[in-house]
Amino acid sequence: MKATGVVRRIDELGRIVIPKEIRKTMHIREGENIEIFIDGEQNIVLKKYSAIKKLDDFASRLTDAIYSLLKCNIMITDTDHIVAISGPLKKELFRETLGQDMIKAIQKRESILEKNIQKLSITDDHSYEGSYIVHSIVSDGDVVGLVILLSTDDKLGETEEKIVHIASQFLAKYLEE
């Protein structure tokens, strides 16, 4: 564990403020969930919670299945990272941090179908030209991630849009159980 040198007082309601610098470094935004752990030495450990993270293996199999059908890059994200990806971009993007455009899509609960070839910024360092679909995964009223389908070769249409929508709905229902 790394010491930060920050000391905070607990208020009368048992709340503690996490300093802005730490929230920024850890990509913790207002309204996000934090998981609380107690280790063997009676330390309290706060960890950013990701509902999608617990589906890593399942999400990976889902992206593989969709890729085998559509032959397009398919990604599943939580609110910060790409947690599963299948397609040619896998080595480049797996576990990468989402860029501001994708974070805004999460915050706005966006569903985007871009049939024409356009630029898509997935991370702050990786943008791609192609046709794409971005669909929010909404579980228990909260956006917990995205399903992103990107074709650098072909235009995407209604069939692909329905597949992405089904994938996001399936993941949401799976998380709610």
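# Reading pockets, strands and loops

Me: α4 (100–107) and β7 (142–151) each supply at least two residues to the lining of the second largest pocket. What counts as a helix or a strand here, and what counts as a pocket?

Reply: Let's start with the ground rules. This is a predicted model, in which local features need pLDDT of at least 70 and side-chain atom pairs count only at pLDDT 80 or more, while totals for chains, interfaces and linings use all residues. Residues are numbered from 1 along each chain as its sequence is written, and side-chain values use heavy atoms, leaving out hydrogens and water. Helices (H or I, at least four residues) and strands (E, at least two) are DSSP runs, numbered from the N terminus. A pocket is an open set of points on a 1 Å grid over the protein atoms alone, where a 1.4 Å probe fits and protein lies on both sides within 12 Å along at least five of seven lines; lining residues have an atom within 4 Å of a point. In this case, the second largest pocket has 24 lining residues, and G31, T79, D142, V143 and V144 lie nearest its centre.

Me: What volume does the largest pocket have, and which strand gives the most to its lining?

Reply: The largest pocket has a volume of about 1,100 Å³. Its lining has 23 residues, with I18, I22, I44, V45 and L46 closest to the centre. Strand β2 gives the most, five residues. At least two lining residues come from each of α1 (20–25), β1 (34–38) and β2 (44–48). By type, this lining holds 16 nonpolar, three polar and four charged residues.

Me: How do β3 and β4 run, and what joins them?

Reply: Two strands pair if DSSP finds at least two bridges between them. Here four bridges join β3 to β4, and the two run antiparallel. A hairpin of four residues connects them, and I74 stands opposite S86 in β4. Since five of the five residues of β4 (residues 82–86) are buried, this strand is largely enclosed by the rest of the structure.

Me: Which backbone atom lies 3.0 Å from a polar side-chain atom of N73?

Reply: It is the backbone nitrogen of L89. N73 lies in strand β3 (residues 73–77) and counts as buried, at 5% relative accessibility. Not counting residues up to four places away in sequence, N73 touches S86, G87, P88, L89, I148, L149 and L150.

Me: Where are K71 and R109 found, and what is phi of K71 and of R109?

Reply: K71 is in the loop between α2 (56–70) and β3; its phi is near 55°, a positive value in a residue other than glycine. K71 counts as exposed, at 56% relative accessibility. R109 is in the loop between α4 and β5 (111–121), and its phi is also near 55°. With a relative accessible area of 44%, R109 is partly exposed.

Me: How many helices and strands does the chain have?

Reply: Five helices and seven strands, in the pattern α-β-β-α-β-β-α-α-β-β-β-α along the sequence. Buried residues make up 38% of the 177 residues.

Methods: Buried means under 20% relative accessible area, exposed over 50%, partly exposed in between (1.4 Å probe, protein chains only). A polar contact is a pair of N or O atoms within 3.5 Å; within protein, one must be able to donate a hydrogen and the other to accept it, and residues adjacent in sequence count only if both atoms are side-chain atoms. Contact means heavy atoms within 4.5 Å. Grid points are joined across faces, edges and corners, and a volume is the space filled by probe spheres set on the points. Ala, Val, Leu, Ile, Met, Phe, Trp, Tyr, Cys and Pro count as nonpolar, Asp, Glu, Lys and Arg as charged, and the others, Gly among them, as polar.
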